[in-house]
Amino acid sequence: MSQEQIQVPKGWELKKLSDVCKEISSGGTPSRDNSDYFDGNIPWVKMNDMKNAPILDTKEKITKEGLDNSSAKILPKDTVLLAMYTEDMGRTSILGIEATTNQAICGLEVNSEILPKYLF
């Protein structure tokens, strides 16, 4: 859909996500072959955890070693989460804590132009 086809209310401005987010990233999954990467204390968000908002805890947690040896990264509180794949695609949630996510979840860290709860 082109910008010309979108009706923007008077006084509003149409922006891309990249205009209102300081960081857009996906998470990662540590290797399941290494048990030292799991049962740690770092919250690790998966699709089932996104059924609640805000997310205050996760069913599974990873270790610092798992974080360091995967593409997972710590996302700050108030990061908006967006499911990118499968039948959950489009599901959203928001972090009430610092946490990591698996690779099927996009983290949207907003800048000062927008409130995280508004984007959520």
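P54 sits in the loop between strand 2 (38-45) and strand 3 (60-62), where helices (H or I, at least four residues) and strands (E, at least two) are DSSP runs numbered from the N terminus. The peptide bond between A53 and P54 is cis, with omega at about -5°. This is a predicted model, in which local features need pLDDT of at least 70 and side-chain atom pairs count only at pLDDT 80 or more, while totals for chains, interfaces and linings use all residues. Residues are numbered from 1 along each chain as its sequence is written, and side-chain values use heavy atoms, with hydrogens and water left out.

**Backbone geometry**

Most residues other than glycine have a negative phi, and most peptide bonds are trans. Against that background, D39 has a positive phi of about 65° although it is not a glycine. D39 belongs to strand 2. D78, also not a glycine, has a positive phi near 80°. D78 is in the loop between helix 2 and strand 4.

**Overall layout**

The chain contains three helices and seven strands, in the order α-β-β-β-α-β-β-β-β-α along the sequence. Its C-alpha atoms occupy a box of roughly 55 × 25 × 25 Å along the principal axes. Of the 120 residues, 38% are buried; buried means under 20% relative accessible area, exposed over 50%, and partly exposed in between, with a 1.4 Å probe and protein chains only. Among contacts (heavy atoms within 4.5 Å) with a separation of 6 or more, 62% are between residues 24 or more positions apart.

The relative accessible areas of selected residues are as follows.

| Residue | Relative accessible area | Class |
|---|---|---|
| C21 | 8% | buried |
| C106 | 9% | buried |
| D88 | 14% | buried |
| E60 | 17% | buried |
| D78 | 33% | partly exposed |
| N69 | 46% | partly exposed |
| D39 | 75% | exposed |

**Polar side chains**

E60 is in strand 3 and is buried. A polar contact of 2.6 Å links the side chain of E60 to that of R32. Here a polar contact is a pair of N or O atoms within 3.5 Å; within protein, one must be able to donate a hydrogen and the other to accept it, and residues adjacent in sequence count only if both atoms are side-chain atoms. Apart from neighbours within four places in sequence, E60 is in contact with R32, F38, I42, P43, W44 and K46.

D88 is located in the loop between strand 4 (80-83) and strand 5 (92-94), and is likewise buried. Its side chain makes a polar contact of 2.9 Å with the side chain of R91. Not counting residues up to four places away in sequence, D88 touches M47 and A83.

N69 lies in the loop between helix 2 (64-68) and strand 4 and is partly exposed. The side chain of N69 reaches the backbone oxygen of E65 at 2.8 Å. N69 and P9 are 60 residues apart along the chain, and their C-alpha atoms are separated by 47 Å.

**Cysteines**

A disulfide is a covalent bond between the sulfur atoms of two cysteines. Taking a disulfide as a pair of cysteine sulfur atoms within 2.5 Å, a search of the whole structure finds zero. For C21, the closest cysteine sulfur is that of C106, at 7.9 Å, which is too far for a bond. Both C21 and C106 are buried.

**Largest pocket**

Rolling a probe the size of a water molecule over the atoms shows where empty space is left. On a 1 Å grid over the protein atoms alone, with a 1.4 Å probe, a pocket is an open set of points with protein on both sides within 12 Å along at least five of seven lines, and lining residues have an atom within 4 Å of a point. Grid points are joined across faces, edges and corners, and the volume is the space filled by probe spheres set on the points.

The largest pocket holds about 340 Å³ of space. It is lined by 14 residues, of which W12, E13, K15, I114 and Y118 are the closest to its centre. Helix 1 (17-20) and helix 3 (116-119) each contribute at least two residues to the lining. By class, the lining has 10 nonpolar, one polar and three charged residues. In this scheme Ala, Val, Leu, Ile, Met, Phe, Trp, Tyr, Cys and Pro count as nonpolar, Asp, Glu, Lys and Arg as charged, and the others, Gly among them, as polar.
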